[in-house]
Amino acid sequence: MAITTRPPTQRPQPGPAAPQRRGRPARHRDDGRAGYVFLTPWLIGFAAVTAIPMLMSLYLSFTDYDILTPWSEVKWIGLDNYQRMFGDDPAYWHAVRVTLIFAFIATPLKLGSALGVALLLNRSFRGSGLFRGLFYLPSLLGGSVALAMVWHSMFDRSGSINAILGWFGIEGKAWVNDPDTALGTLILLAIWQFGAPMVIFLAGLKQVPNELYEAAEVDGAGALRQFLSVTLPMLSPVIFFNLVLETIHGFQGFTSAFVLSGGTGGPVDSTLMYTLYLYIRGFANYEMGYASAMAWVFLLTIGLVTVVLFRTGRFWVHYSDGDD
Amino acid sequence: MVTVVAGRRPFTPRSLIRPAVLLLLTALVLYPLVWMLGSSFKAPEEILNNVSVLPENWTPGNYPDGWTHFDVGFGRYFLNSFMVAALTVVANCVSCLLAAYAFARLRFRLRGFWFAIMIGTLLLPSHVLIVPQFVMFRSFGWVGGPWPYLPLIVPHMLATDAFFVFLMVQFMRGIPRELDDAAKIDGCTAYSAFRHVILPLSRPALVSTAIFSFIWTWNDFFRQLVYLSDLEKYTAPVALTLFIDSTGQSAVGPMFAMSVLSLAPVFLFFVAFQRLLVEGINTTGLKG
């Protein structure tokens with residue numbers, strides 16, 4: 001915004017005789033300096049902890065840096081890391097597949113549960129606040145190491161889940177140690193944390209004007225019709241917001257995969273999430289160059305997915321007039 | 001939508017559906033938590049197999065056993081965690097408040113540009129930055145140094161938690177402009193208007209920031225795992241993973257006991273600030 005206001009040569013001179021900027025009241029005249037004073041920590045942080053490290057990581061991704069050899073001996077290897085990643089590293093593609101499966105199964109299921117429960121809690125009744133809080137609790141605790149460890153015990157061969165399944169005559173197995181089902185237990189853990197999007201859905205549902213339902217009812221719309229024609233379109237911006245947030249969140253799953261597999265991504269790489277593989281390459285094997293290349297592809301992929309979501313959002317996200 | 005008019009409702013089987021579904025859901029959602037709590041009082045062979053949340057034989061010994069299970073006591077790990085979390089809370093509150101004041105209330109060149117960049121960093125996954133940050137902090141001698149928590153805390157002192165900057169900007173935009181305009185007419189500078197008008201009025205945003213910073217730092221695992229390598233310096237989540245390595249049934253009980261203790265601070269925060277937490281994510285989309 002301020003970029004185009006005036007060329008630098010025309011900056012007002014300091015002092016009482018300085019010409020007033022058009023449309024700016026006098027009381028804002030010292031904000032420029034103060035603005036940057038207050039912004040200083042953030043500016044330093046942005047430069048030192050975000051921008052420079054990002055450039056550094058781009059550079060590292062073209063090297064064989066392994067943290068143990070001194071800087072002077074770091075070799076520029078061009079696109080070798082990227083070639084190895086896309087060409088000769090089956091584990092890499094495995095990690096990509098696991099992450100995509102996880103994100104594209106867990107996210108819709110989590111959002112679906114969140115929306116369903118939000119609809120159940122939408123009308124206030126005695127105790128509705130309590131339910132809201134209880135359902136939110138797993139979101140708050142769910143990312144922790146402690147709960148991932150408990151989850152592991154529950155889904156182990158002799159864990160309580162198998163005992164419960166036994167009541168229904170289903171024979172259990174070691175869900176966390178079977179490559180076919182280990183990722184499934186991670187997905188269940190993610191769905192279980194539906195509380196945060198649920199609360200956002202509840203806020204969105206409150207914004208839907210009641211008159212719309214009344215009008216729909218006058219027109220003879222049943223409950224399902226009302227949901228499809230009123231609730232969903234009116235809620236679409238909130239659905240979109242949750243979708244973007246949860247998809248990005250899903251790509252980054254680390255703690256539960258690390259804990260459930262003991263840091264290996266096993267069994268047979270079935271829970272090798274992208275970030276876990278990045279950790280293993282970078283911090284267990286000290287292949288910092290390779291890990292940096294992985295990080296950049298990750299960043300570009302997340303950016304791409306976000307752009308695609310925004311593009312498709314145009315077709316189904318309905319913004320009502322006015323601001324919200 | 002069910003069309004029930006508020007007030008006296010006829011008792012029909014249909015009106016039981018919602019409570020029944022909700023109770024079932026509550027059981028599903030709470031079972032892992034309650035089972036964990038119950039299991040922390042069970043003997044090892046009972047933890048696996050016993051579906052019931054209540055132990056048959058109460059075994060409170062898991063707690064002292066877990067506390068002293070490793071050479072370094074768990075008390076030390078909790079202290080480390082508390083220290084990291086407390087310093088993060090203070091650092092976040094101060095630095096993000098300063099940045100937010102600049103973005104929300106002051107006019108300066110390139111404000112829009114910097115604001116757009118700040119919003120951009122909101123979506124930047126920490127996994128992308130961890131490798132170069134590690135290399136950088138290591139070259140400073142911070143990683144594995146005498147006080148290895150520097151890489152965990154210093155970034156927060158520099159307002160790199162864009163979530164909180166954004167949250168406070170949103171909050172400050174709600175404070176009536178007339179207040180600082182009046183203050184400036186009374187002779188306040190941007191600094192004294194911050195000190196006497198915005199700072200006192202920002203308390204709710206600061207409280208939210210403090211609570212969420214605490215909970216997220218307490219639960220954080222990735223960065224603590226990367227930066228802490230000395231057993232003495234571990235935080236509680238990193239120390240918990242030691243139980244994964246120490247195989248054998250005997251460690252299961254202590255593991256559950258320590259898991260419960262490590263969740264206790266977050267749970268207490270939840271009980272104390274439940275409404276605020278739920279409303280906090282409402283307005284800003286903060287994750288739990």
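The legends below describe several close-up views of a predicted model.

Because the model is predicted, local features need pLDDT of at least 70 and side-chain atom pairs count only at pLDDT 80 or more, while totals for chains, interfaces and linings use all residues. Residues are numbered from 1 along each chain as its sequence is written, chains are lettered from A and ligands numbered from 1 in the order in which they are written, and side-chain values use heavy atoms, with hydrogens and water left out.

**View 1. Chain A as a helical chain.** Chain A holds 13 helices and zero strands, where helices (H or I, at least four residues) and strands (E, at least two) are DSSP runs numbered from the N terminus. Of its 324 residues, 53% count as buried, a term that means under 20% relative accessible area, with exposed meaning over 50% and partly exposed lying in between (1.4 Å probe, protein chains only). Among contacts in chain A between residues at least 6 apart in sequence, 66% join residues at least 24 apart, and contact here means heavy atoms within 4.5 Å.

**View 2. The largest nonpolar core, around A:Phe135 and A:Met198.** A nonpolar core is a set of buried Ala, Val, Leu, Ile, Met, Phe, Trp, Tyr and Cys residues joined through side-chain atoms within 4.5 Å. The largest such core has 192 residues, and within it A:Phe135 and A:Met198 touch the most other members. This core also draws at least three residues from each of domain 1 (16-59) and domain 2 (74-230) of chain B, with bounds that come from an automatic or database domain assignment. When residues up to four places away in sequence are not counted, A:Met198 touches A:Ala114, A:Val117, A:Ala118, A:Leu121, A:Arg132 and A:Phe135. A second, separate core has five residues, among them A:Tyr213, A:Ala216, A:Ala221 and A:Val230.

**View 3. Helix H5 of chain A against helix H1 of chain B.** The axes of H5(A) (residues 145-154) and H1(B) (residues 17-39) come within 10 Å and cross at roughly 90 degrees; axes are lines fitted to C-alpha atoms, for helices over the stretch in contact, and angles run from 0 to 180 degrees between N-to-C directions. On the H5(A) side the contact is made by A:Leu147, A:Val150, A:Trp151, A:Ser153 and A:Met154, and on the H1(B) side by B:Tyr31, B:Pro32, B:Leu33, B:Trp35 and B:Met36.

View 4. The buried residues are B:Pro151, B:Leu152, B:Ile153, B:Val154, B:Pro155 and B:His156. Their cover includes helix H1 (31-60) of chain A, together with helix H4 (74-105), helix H6 (126-139) and helix H12 (222-227) of chain B. Just after H7(B), B:Ala159 takes a positive phi of about 55 degrees.

**View 5. B:Ser52 in a loop of chain B.** B:Ser52 is placed in the loop between helix H2 (44-47) and helix H3 (62-67) of chain B, and at 34% relative accessibility it counts as partly exposed. B:Ser52 touches B:Trp35 and B:Lys42, not counting residues up to four places away in sequence. From C-alpha to C-alpha, B:Ser52 and B:Met36 are 11 Å apart in space, and they are 16 residues apart in sequence.

View 6. Most residues other than glycine have a negative phi, and most peptide bonds are trans. A:Ile67, which is not a glycine, has a positive phi of about 65 degrees; it is found in the loop between H1 and helix H2 (80-87) of chain A and, at 5% relative accessibility, counts as buried. A:Tyr286, also not a glycine, has a positive phi of about 55 degrees; it is placed in the loop between H12 and helix H13 (288-316) of chain A and, at 35% relative accessibility, counts as partly exposed. The peptide bond from A:Gly266 to A:Pro267 is cis, with omega near -5 degrees, and A:Pro267 lies in the loop between helix H11 (255-260) and helix H12 (274-284) of chain A.
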